[in-house]
Amino acid sequence: MDKEATAEEEAHFLANKDQCIPCQEGYALEVSLKKAIKSNCTVSCPTDLFVRIKAKLFLVLILISILIPLFC
Amino acid sequence: MDIPVVDSKISPEMAHAIFQQEFFPHMDAMYNFALKLTNDEDEAQDLVQDTCMKAYRFIHSFEPGTYAKAWLFRILKNNFINDYRKKSRGPSKVEFEWVEQSISGDEDAEPAFQADLHAETVNDMLGDEITAAIQSLPVDFRMIIILCDLEEFSYEEMARILHIPIGTVRSRLHRARALLKVSLAKYAKAKGFV
């Protein structure tokens, strides 16, 4: 599910999953939870925060550009 | 304003280019992670801003072309642990015996119960309910769920970001998912979904 199993482990799991009902149910639940988290729990960075960070960094970079020649 | 410490080999133009190309594309993910950690919009904004300033300060240790998102998340997590965790509004009121076991270092202890929850029930739930269940988890469990299920980091990357062994990543993730299922099962029962 997390793409951490080797190809061999994955094949073994898929080959045996259908013979075990609790495994099937458990797997289906984990997959649906993962999908639900992925599709429902995302928020975007507020535009004003992005603008503020860019402005602050720009100011720092300008300051550094001015200061470096003075000390080199 | 603190004047950042940067390596003389990194010119302001290079730093600017690194931010534009490597760091800024991850702003949404960083803010999302910060918000899930702090549970507070203002604190999340401060945390992301501080993380960007620290990323600039330590930009000499970033190797362009490597995984910038993991590098930024590591800074953000450390920043949160060091400066924000104490003052954050944490729910963390989760009274499960094996949460305590994990805090006391017994990472391999098995949960003593199984959540009565089914895939169909989860599919019927709304985003707010899933989000609320995640927010109800203790922060260490919340962190690993976000990193794995939302941001899709590998176990190895999570181990590096959280500075824990890969075995702990596995056990903590297992626990976090079990806790999440319990939380959702309680909610589903209360709402009459099951």
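What follows is a working chat about a predicted model with chains A and B.

Me: Before anything else, is this predicted or what kind of model is it?
Reply: The model is predicted.

Me: OK. What's in chain B, helices or strands, and how many?
Reply: Chain B has 10 helices and zero strands. Read from the N terminus, the order of its elements is α-α-α-α-α-α-α-α-α-α.

Me: How much of chain B is buried?
Reply: Of the 194 residues in chain B, 36% are buried.

Me: And the contacts inside chain B, what share joins residues at least 24 apart?
Reply: That share is 75%, counted among contacts between residues at least 6 apart in sequence.

Me: Domains next. Where do they fall in chain B?
Reply: Domain 1 of chain B covers 12-84, and domain 2 covers 97-191. Their contact involves 10 residues of domain 1 and 12 residues of domain 2.

Me: Which helices supply the domain 1 side of that?
Reply: H2 and helix H4 (68-84) of chain B each give at least two residues to the side of domain 1 that touches domain 2. By class, that side of domain 1 has six nonpolar residues, one polar and three charged.

Me: What about the domains of chain A?
Reply: The assignment for chain A gives domain 1 as 1-41 and domain 2 as 43-72. The centres of these two domains of chain A, taken over C-alpha atoms, are 45 Å apart.

Me: How far does H8(B) reach from end to end?
Reply: H8(B) spans 15 Å from its first C-alpha to its last, close to the 16 Å expected at 1.5 Å a residue. After the helix comes B:Glu152, with a positive phi near 55°.

Me: And H10(B), what's its span?
Reply: H10(B) has 26 residues and covers 37 Å between its first and last C-alpha, close to the expected 38 Å. Just after H10(B), B:Gly192 has a positive phi of about 80°.

Me: How does H9 of chain B pack on H10(B)?
Reply: Helix H9 (residues 155-162) of chain B packs against H10(B) at about 100°, and the axes are 9 Å apart. The two helices, H9(B) and H10(B), are therefore roughly perpendicular to each other.

Me: Which residues make that contact?
Reply: H9(B) contributes B:Tyr155, B:Glu156, B:Met158 and B:Ala159, while H10(B) contributes B:Ile166, B:Val169 and B:Arg170. That contact of H9(B) with H10(B) has five nonpolar residues, no polar ones and two charged.

Me: What sits in the loop between H9 and H10 of chain B?
Reply: B:His163 is found there. B:His163 is not a glycine, yet its phi is positive, near 60°. B:His163 has 11 other C-beta atoms within 10 Å, so it counts as exposed.

Me: Which residue of chain A has a positive phi although it is not a glycine?
Reply: A:Lys3 does, at about 60°. A:Lys3 lies in the segment before helix H1 (7-17) of chain A. A:Lys3 is exposed, with 8 other C-beta atoms within 10 Å.

Me: Last one: A:Lys35. Where is it found?
Reply: A:Lys35 is in helix H2 (residues 21-40) of chain A. A:Lys35 has 14 C-beta neighbours inside 10 Å, so it counts as partly exposed.

Me: And how far is A:Lys35 from A:Glu8?
Reply: A:Lys35 and A:Glu8 are 24 Å apart in space, C-alpha to C-alpha, and 27 residues apart in sequence.

Note on methods
Residues numbered from 1 in each chain as written. Chains lettered and ligands numbered in written order. Predicted model: local features only at pLDDT ≥ 70, side-chain atom pairs only at ≥ 80, totals over all residues. Helix = DSSP H or I, 4+ residues; strand = E, 2+ residues; numbered from the N terminus. Buried ≥ 20, exposed ≤ 12 C-beta atoms within 10 Å, placed from the backbone. Contact = placed C-beta atoms within 7 Å. Domains from an automatic or database assignment. Axes fitted to C-alpha atoms, helices over the stretch in contact; angles between N-to-C directions. Parallel < 35°, antiparallel > 145°, perpendicular 65-115°, else oblique. Nonpolar A, V, L, I, M, F, W, Y, C, P; charged D, E, K, R; others polar. Expected span 1.5 Å × (residues − 1).
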